[in-house]
Amino acid sequence: MTAMIIETEKNKWEVICGLEIHCQIVSNSKMFSGASTEYGTEPNHNVSFIDAGMPGMLPTLNEECVRQAIKTGLGLNAKINKYSEFSRKNYFYADLPQGYQITQFQYPLVGEGSLEVETEDGSRRTIGIERIHIEQDAGKSIHDLDPSMTFVDLNRAGVGLMEIVTKADFRSPEEAGEFLRKLRSIVRYLGTCDGNMDEGSMRCDVNVSVRKVGETSFRPRSEMKNVNSVRFVMQAIESEAKRHVEVYENGGTIEQETRQFDPASGTSKLMRKKEFAHDYRYFPEPDLLPLVLTDEYIDNIKKEMVELPDAKKARFINELGITAYDAMVLCENREVAEFFEKAAAGHDAKKVANWMMGDFFALLNKDGLSIHESPISAENLGKLVDLITKGVINGKTAKDVFEMMAETGESPEKIVEEKGLKQVTDTAAIEAIIDKIIADNPANVEAYRNGKTGLMGWFVGQVMKASGGKANPAVVNGLLQSRLS
Amino acid sequence: MAIDADTVRKIAFLSRLKVDDDKIEDTKDEFNKILTWVEELNEVDTDGVEPLVSVNQTNLTMRKDVVTEGNQPEAILANAPLQEYGYFAVPKVIE
């Protein structure tokens, strides 16, 4: 994976980037209260007195949030810390009723890890994970319902978050984009976060700086908050890096600051200077004891781990013999991978993969269906491939059978049987057709024998047509060759 | 550690507390008295000792992931100076 280098007349600049990703934890209830986490409920219905910051209310930790964060940590090859602590991060904002966020500061639940990313050219790089800590989400401010007021909904206040912090290891927008896609795939496999960036259940802060090629220390960075799609993250890195270079080349300096990326213009604007607004006055959370876990507790979670995309991909390539590209596409989504595996069981996996990547995905896309809604079951797709492999139907007929399967949901054997679509491999029957075509088209036979061999395709077409598409093309070819020469 | 008048103003701002100008000096002195008192603890040698978060020796107990509360918007909004359409209504927040 090649680093992004910005070349100017005088210099070559290297792009440096790190990400902080907030993932909403999948759980029934909030991190420190028994209120529901359900999305899209009436305002202020999923709120307990704890979430509303009422005096005297004490938080109690939801075990599921801890388990989910540990699972995510294990999925990122990270060290799970048996000792962690909660801290208060103090800031003043209308949708933060307590006036502080319960988070982890000095002792996070998950320590260093890593994730390997691979880009289209097949090259790989390992991105370091700095830490994952767990914390509570804030409420939601709605600014556009009233000209003079902001409305606050606390349904989201207190929902569990995992903040995944990477090292400043990205050297191009592509690497960051690949990392996010892969991370999203992993949390979805694990069921620890639904990964929907457009609904805000996965939000990304992007830190960008540049340095001249050869420099070893980092220059000041700017941070862009809440960039909400993979594409925008990539755009934000590129445009911000270019802005830094321009500032430096014009003799200016970059200060550490927080900016807002605007996808419409593809540029960022200043939000606040970091040193002042970020005086969070962290201190240990007095309402919660340190979180102490045992090896046994962590080992039990390890046992629940599902096969992750990379391992599945490797197994599909090595054991099922499909191509690396097919394996990558099929493994991005766990349900798709499971569908494929079921369809391929006992059949020609490579052909099943071809059908899935081609006609099957096209069918789902056309009707806007998810894999669960597929009218064709995994078993039936496998059977269809079997009918082709065993020579019961030919490739062209298979396309028609596939269409009928999509319409009716029937099994391919039943459709082939009822519609009489079995391929004709019976040499005598095909020979009879060939004889008739040769007799009816003496001019073309003459032309072929005089060297116009391109006519072979025409003859094959005629025989196939006369057989109603059911003749085995290989048999037809062989017989025609011998009869015409 | 000594607190000066500017630090008092900064902390007041971060906490959204209004401290009148004629109270700044007094507040500063109070801060310093408290800090001086706490600084007596510096006499104890804590080299190589991890900070103590809690004197409680029990472990943190965790809750099962079950929904037990909610559906009480009236109670949640009861103390709100202003509410609209079921939301807390606050003066426009501009980033």
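At what angle do helix α8 (residues 334-344) of chain A and helix α10 (residues 378-389) of chain A pack? They pack at an angle of about 45°, with axes 7 Å apart. That makes α8(A) oblique to α10(A).

This is a predicted model, in which local features need pLDDT of at least 70, side-chain atom pairs count only at pLDDT 80 or more, and totals for chains, interfaces and linings use all residues. Residues are numbered from 1 along each chain as its sequence is written, chains are lettered from A and ligands numbered from 1 in the order in which they are written, and side-chain values use heavy atoms, with hydrogens and water left out.

Helices (H or I, at least four residues) and strands (E, at least two) are DSSP runs, numbered from the N terminus. Axes are lines fitted to C-alpha atoms, for helices over the stretch in contact, and angles run from 0 to 180 degrees between N-to-C directions. Angles under 35 degrees count as roughly parallel, over 145 as roughly antiparallel, 65 to 115 as roughly perpendicular and the rest as oblique.

**Helix pairs**

| Helices | Angle | Axes apart |
|---|---|---|
| α8(A) and α10(A) | about 45° | 7 Å |
| α2(A) and α6(A) | about 95° | 10 Å |
| α15(A) and α16(A) | about 125° | 10 Å |

α2(A) and α6(A) are therefore roughly perpendicular to each other. Their contact (heavy atoms within 4.5 Å) includes Tyr189(A) of α2(A) and Pro309(A) of α6(A). It has 3 nonpolar, 1 polar and 3 charged residues; Ala, Val, Leu, Ile, Met, Phe, Trp, Tyr, Cys and Pro count as nonpolar, Asp, Glu, Lys and Arg as charged, and the others, Gly among them, as polar.

α15(A) and α16(A), by their angle, are therefore oblique to each other. Among the residues that touch are Phe459(A) and Val463(A) of α15(A), and Val476(A) and Leu480(A) of α16(A). By class, this contact has 9 nonpolar, 2 polar and no charged residues.

**Where the chains meet**

How many residues does each chain bring to the contact? Chain A gives 55 residues and chain B gives 41 residues. About 4,200 Å² is buried between the two chains, with 61% from carbon and sulfur atoms; buried area is the accessible area (1.4 Å probe) that two parts lose on being put together, summed over both.

The interface of chain B and chain A has 2 salt bridges (a side-chain nitrogen of Lys or Arg within 4 Å of a carboxyl oxygen of Asp or Glu). Asp279(A) forms a salt bridge with Lys10(B), and their closest N and O atoms are 3.0 Å apart.
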